[in-house]
Amino acid sequence: MAERLRILHLTASHRWTGAAEPAARQAAAETQAGHDVLYAMTTGSSFERRAREAGVEVTGAVPFERSYWPHRKLRDLRLLKELIADYKPDVVHSHLTHDHILAGVAIGPTGPGKPILVRTFHRESPPRQDAFTKSLVEKRTAGIVTISTQQEDALSQAFGLSNERMLRIGGQVDLDVFQPGERPVDMRKEWGIEPDAPVIGLISRLRRTRGIDWMLDAAEIALKQNPEARLVICGRGSYKDKMLERLEQLSVKNQIIYAGYVSGDELIGAYHAFDVALMLIPGNDGSCRSALEAMACGRPVIGGDIGAIHDLLDEGDFGWLVPTNDASALADAMVKATADPAACRARGDAARQHIEREHSPTAVARHVLDFYGRLIEARDGVAAR
């Protein structure tokens with residue numbers, strides 16, 4: 001997309017979580033590509049601070065207050081209309097349902113002379129199919145960005161969207177932060193693990209829905225076959241106590257380490273301490289950021305065959321894809337990954353190369369910018385040949 005665009009991103013959130021990080025990275029990459037980008041969000045917290053640190057211009061002109069009071073929704077709608085009129089964007093890109101609805105009402109049906117409205121669905125969840133949502137997507141939204149083939153198929157079936165109105169992109173990761181090489185912190189030493197011991201690692205929110213019991217069932221099988229292997233679990237969440245109770249009942253409990261929450265240099269050090277990483281079931285960030293970060297650090301991934309994990313691992317020899325909730329298959333992948341260190345490293349090297357090609361912020365932004373261009377041509381009645 002050679003033409004310089006004015007792009008307005010919208011996220012009705014103040015928290016640096018879920019959709020916030022990939023959306024801010026995209027906005028920053030679009031800015032670096034030479035486009036005029038403004039990000040409207042709920043200001044005053046971590047999202048605003050982190051977005052500004054990434055080089056994104058931020059405005060709090062629309063509070064995006066989630067309230068049941070109609071007058072506050074109408075106020076936000078008026079303020080968004082004023083922002084669009086003042087900024088005159090070519091593209092309005094929404095990232096959550098609340099801001100998508102406001103933008104759809106503010107812009108109206110797609111047509112010449114209006115900005116195109118684009119929506120990214122960042123989570124794997126069944127789409128709403130009420131009359132209002134159908135009208136919002138089919139008549140007022142020029143294009144939809146999805147994070148997986150599974151999600152793309154669901155949205156296409158729900159709304160009858162043509163391929164030209166949809167773009168599937170994977171997640172993105174900061175290649176300067178997450179990279180192979182010298183580890184910033186020797187987490188194996190911190191955890192009391194021998195330098196040459198095979199290590200399987202999980203970094204995840206600890207919820208029942210994230211496959212924790214499935215992992216422990218598989219570990220009971222796999223770790224018995226290799227007494228030197230270790231499973232390290234990093235994270236926090238509502239299922240932590242139940243997980244620890246369950247862990248104590250396992251015969252291989254001495255081979256499993258709960259390392260708590262890790263961030264910053266310890267997070268990067270954790271990936272470097274793993275020989276192979278687990279990404280079992282996607283969470284709030286449907287792009288599966290933990291898998292992308294591990295692969296960027298040169299680590300292969302054992303993943304559940306679902307959502308964006310399927311797309312990520314089905315594209316090449318970067319790890320092992322296993323049926324979800326199949327403990328035997330997961331255990332088999334764990335054994336294979338820890339039994340042949342050279343093959344495991346080769347998959348990790350391939351994983352890093354794939355991330356560099358397809359999952360850097362620059363690569364993702366390039367695909368999205370090209371998509372904007374095609375949607376603008378379609379809006380103006382120019383047949384793409």
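Is Phe64 buried or exposed? Phe64 counts as buried, because its relative accessibility is 3%. Buried here means under 20% relative accessible area, exposed means over 50%, and partly exposed lies in between, with a 1.4 Å probe and protein chains only. The model is a predicted one: local features need pLDDT of at least 70, side-chain atom pairs count only at pLDDT 80 or more, and totals for chains, interfaces and linings use all residues. Residues are numbered from 1 along each chain as its sequence is written, and side-chain values use heavy atoms, with hydrogens and water left out.

The overall fold was examined next. The protein has 15 helices and 13 strands. These are DSSP runs, numbered from the N terminus: helices are H or I with at least four residues, and strands are E with at least two. The radius of gyration is 22 Å, close to the 21 Å that the globule rule gives for 385 residues, so the protein is as compact as a globular protein of that length. This radius is taken over C-alpha atoms, and the rule is 2.2 Å times the number of residues to the power 0.38. Along the principal axes, the C-alpha atoms fill a box of roughly 65 × 50 × 40 Å. Of the 385 residues, 54% count as buried. Among contacts with a separation of 6 or more, 73% join residues 24 or more positions apart. A contact means heavy atoms within 4.5 Å.

Several loop residues deserve a description. Phe64 sits in the loop between strand E3 (58-59) and helix H3 (70-87). Its phi is positive, about 50°, although Phe64 is not a glycine. Lys88 also is not a glycine, and has a positive phi of about 55°. Lys88 occupies the loop between H3 and strand E4 (91-94). Lys88 counts as exposed, because its relative accessibility is 57%.

Ser13 belongs to the loop between strand E1 (6-11) and helix H1 (20-32). With 16% relative accessibility, Ser13 counts as buried. Its side chain reaches the backbone nitrogen of Arg15 at 3.2 Å. Beyond its neighbours within four places in sequence, Ser13 is in contact with Met41, Thr42, Phe47 and Leu96.

Helix H11 (residues 289-296) contains Ala291. Of the 8 residues of H11, 7 are buried, so the helix is largely enclosed by the rest of the structure. The buried residues are Ser290, Ala291, Leu292, Glu293, Ala294, Met295 and Ala296. Their cover includes strand E8 (199-203), H10, strand E11 (276-279), strand E12 (301-304), helix H12 (307-314) and H14. Ala291 has a relative accessible area of 3%. Leaving out residues up to four places away in sequence, Ala291 touches Met279, Val301 and Leu312. Ala291 and Leu278 are 13 residues apart in sequence, and their C-alpha atoms are 7.4 Å apart in space. Gly298 follows H11 and has a positive phi, near 80°.

Rolling a probe the size of a water molecule over the atoms shows where empty space is left. On a 1 Å grid over the protein atoms alone, a cavity is a set of points where a 1.4 Å probe fits but cannot get out; a pocket is an open set with protein on both sides within 12 Å along at least five of seven lines; lining residues have an atom within 4 Å of a point. Grid points are joined across faces, edges and corners, and a volume is the space filled by probe spheres set on the points.

By this rule there are 2 cavities of 30 Å³ or more. The largest cavity has a volume of about 80 Å³. Its lining is formed by Pro22, Gln26, Thr120, His122, Ile147, Ile169, Gly170, Gly171, Gln172 and Ser287. These divide into 3 nonpolar, 7 polar and no charged residues. Nonpolar covers Ala, Val, Leu, Ile, Met, Phe, Trp, Tyr, Cys and Pro; charged covers Asp, Glu, Lys and Arg; the others, Gly among them, are polar. His122 lies in the loop between strand E5 (116-120) and helix H5 (131-140). It is buried, with a relative accessible area of 9%. The His122 side chain makes a polar contact with the side chain of His95 at 2.9 Å. A polar contact is a pair of N or O atoms within 3.5 Å; within protein, one must be able to donate a hydrogen and the other to accept it, and residues adjacent in sequence count only if both atoms are side-chain atoms.

The second largest pocket has a volume of about 370 Å³. It is lined by 19 residues, of which Arg188, Phe274, Asp275, Pro341 and Arg345 are the closest to its centre. The lining divides into 9 nonpolar, 3 polar and 7 charged residues. Helix H10 (264-273), helix H13 (327-339) and helix H14 (341-358) each supply at least two lining residues. H14 gives the most, with 4 residues.
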